[in-house]
Amino acid sequence: MKSTFKLLPTVTAVFLALLGLASPSLTLGQATASAASTQRTGMVALTGVGEDGDLSLGAERRMGDAIAKQIYRDPDYLDDPLLNEYVDSIWQSLLKAARAKGELTAEMDERFAWRVMLARDRTVNAFALPGGYFGVHLGLIGLVANQDELASVLAHELTHVTQRHISRSITQQGRQTPVMIAAMILGAVAARKNTDALNAVVAGSQAVAIQGQLNFSRDMEREADRLGLGLMQPAGFEPQGFVGMFEKLQQSARLSDSGNFPYLRSHPMTTERMGDMQQRLLIQQHMAKFAPQSEPSLQHALMSARARVLAEPGIDVLRLWAAEPQAAGFANLSKSRQVASLYAAILANIKLRDFARAIAQKDRLHSALAGDLIASKAAKLIAIELHLAANQVDAALGLLPIQSTSQRLSRPELFVQSQVQIASKQLALVTLAAQNLQTWVAANPTDAPVWQLLASAYRATGQNLRAVRAEAEAQVALLDYAAALDRFKAAQDMVRLGTASSSSGRDYMEESIVDVRTRQVQELLKQQIKDEKETGK
């Protein structure tokens with residue numbers, strides 16, 4: 001089965017071509033045929049598209065939700081608490097800077113998702129989707145030298161959305177473009193089960209004709225470069241991150257395209273873009289006298305190593321990384337290279353189930369990170385992850401900072417601690433985990449993995465009705481309202497059949513919540529179905 005995320009570089013390229021943001025090979029006739037054929041499969045509604053072609057914020061968000069729903073189902077979609085927190089810390093700083101500069105309006109801020117989704121993919125790519133959704137491949141995180149380079153890519157993609165490049169291009173191209181966009185994106189997503197359908201979407205040789213009609217891309221790319229650069233310093237990042245990333249892309253552009261840099265196909269590294277960026281940076285460097293780039297933070301070194309391993313490079317590569325800290329010349333590496341190598345070796349050995357070697361490397365990593373509080377915290381979490389994978393629950397428990405409230409815990413800490421507490425099968429610890437997880441989802445109701453972990457905690461304490469509702473809420477967070485409704489109805493059946501009671505008796509409050517949420521999700525599902533049908537009218 002084709003992965004949705006494997007297709008997303010192609011899907012995004014097609015999408016951007018239709019908007020004038022790129023120029024992939026695509027036959028316009030094939031695009032139209034695909035649009036017609038996929039209308040029967042169900043797509044996002046485009047109500048809110050005016051006579052002049054403007055796409056409303058609501059219509060764009062619904063389009064994005066429909067794509068996100070498919071992505072969440074994809075096996076390459078990854079919610080890794082540590083990597084997500086690291087990327088999100090950069091992302092939130094950029095959003096804050098965009099708000100302060102007035103580039104992100106209050107209405108758009110409220111209505112769009114502003115969510116970065118990670119893909120377990122070794123290629124170097126990032127992309128913006130409708131409605132404030134963004135994708136980042138692990139290959140990109142594993143490649144960038146520091147967080148400034150990663151921030152430069154995210155700032156560029158953020159600007160594509162804040163400047164309404166999607167809506168602006170639709171206005172230019174005319175009213176029928178939105179339907180074709182939705183059809184092409186969701187048609188390609190659906191084609192993951194049908195390679196012939198995929199070929200029908202992306203094959204062709206008339207890119208030149210399309211590019212002749214869609215000449216807006218260069219202006220948009222320059223605008224995203226210019227405004228993205230302007231977000232860097234206010235967000236706390238060095239603008240030289242753009243230089244480092246541009247150099248990597250330019251170097252790759254000189255080489256034969258091996259397919260490892262799909263980002264280049266949707267963001268061509270033209271001489272104009274390079275010249276424009278270099279001129280802006282020279283002016284900024286002269287005025288602000290920015291310090292030269294320093295060695296990457298140890299935190300970035302660890303997260304980059306984690307991304308490389310989680311991208312599933314293959315067993316032979318894992319074995320090489322697992323043995324690297326024992327290689328000759330290891331002591332001559334920079335400190336950031338050493339800690340990255342040790343971290344990658346630990347994670348690789350966990351995957352290879354060589355726990356004894358991983359434990360030995362864990363101690364070396366702990367010593368190497370002494371004095372760096374942020375990186376040491378990440379090292380402690382991977383140590384807990386190691387003991388949990390080795391079924392050494394007592395050892396994992398010994399590393400936990402047992403606390404009574406999740407407010408003191410980061411998301412990765414909460415996640416790992418709760419996993420260990422549930423694995424302990426100790427009623428007091430599992431109950432504590434449930435309390436902490438419930439506190440978290442009350443403040444973060446769209447956090448599907450935490451809802452799923454909460455369901456496990458509830459089941460372990462015999463609270464089956466709450467467990468089923470937590471499973472339902474996880475599906476709501478994943479935008480799968482049909483699956484959510486199925487779980488809510490299962491919870492209602494438990495109440496009706498008298499199997500919902502726990503050892504402490506009936507939970508009347510929970511029963512009431514289930515009834516209310518069932519009705520709410522029924523309405524959400526009706527609207528979702530309506531949105532899908534309206535596109536085919």
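I start with F112, which counts as buried because its relative accessibility is 3%; buried means under 20% relative accessible area, exposed over 50%, and partly exposed in between, with a 1.4 Å probe and protein chains only. This is a predicted model, in which local features need pLDDT of at least 70 and side-chain atom pairs count only at pLDDT 80 or more, while totals for chains, interfaces and linings use all residues. Residues are numbered from 1 along each chain as its sequence is written, and side-chain values use heavy atoms, with hydrogens and water left out.

Next, the rings. Rings of Phe, Tyr and Trp (its six-membered ring) pair if their centres lie within 6.5 Å; planes under 30 degrees apart are stacked, over 60 edge-to-face, and the rest tilted. By this rule there are four aromatic pairs. One of them joins F112 and W114, and is tilted, with 5.7 Å centre to centre and 45° between the planes. W114 has 7% relative accessibility and therefore also counts as buried. Ring pairs link W91, F112, W114 and F134 into a cluster.

Which residues touch the most other members of the largest nonpolar core? They are W114 and L365, in a core of 83 residues. A nonpolar core here is a set of buried Ala, Val, Leu, Ile, Met, Phe, Trp, Tyr and Cys residues joined through side-chain atoms within 4.5 Å. Helix α4 (residues 81-100) supplies the largest share of this core, 10 residues. A second, separate core has 52 residues, including L55, M117, V441 and A491.

Helices are DSSP runs (H or I, at least four residues), as are strands (E, at least two), numbered from the N terminus. In α19, F355, A358, Q361, K362 and L365 are buried. They cover an arc of only 120° around the axis, so they lie on the same side of α19; the arc is taken from the directions from the helix axis to the C-beta atoms. On the other side, A356 and S367 are exposed. The buried residues pack against α16, α17, α18 and α20. Neighbours within four places in sequence aside, L365 is in contact (heavy atoms within 4.5 Å) with L302, V339, L342, Y343, I346, A379 and I382.

Last, the hairpin. Strands β3 (residues 126-129) and β4 (residues 133-137) run antiparallel, joined by four bridges; strands pair if DSSP finds at least two bridges between them. L129 has Y133 as its bridge partner. Three residues lie between the strands, and G131 takes a positive phi near 80°.
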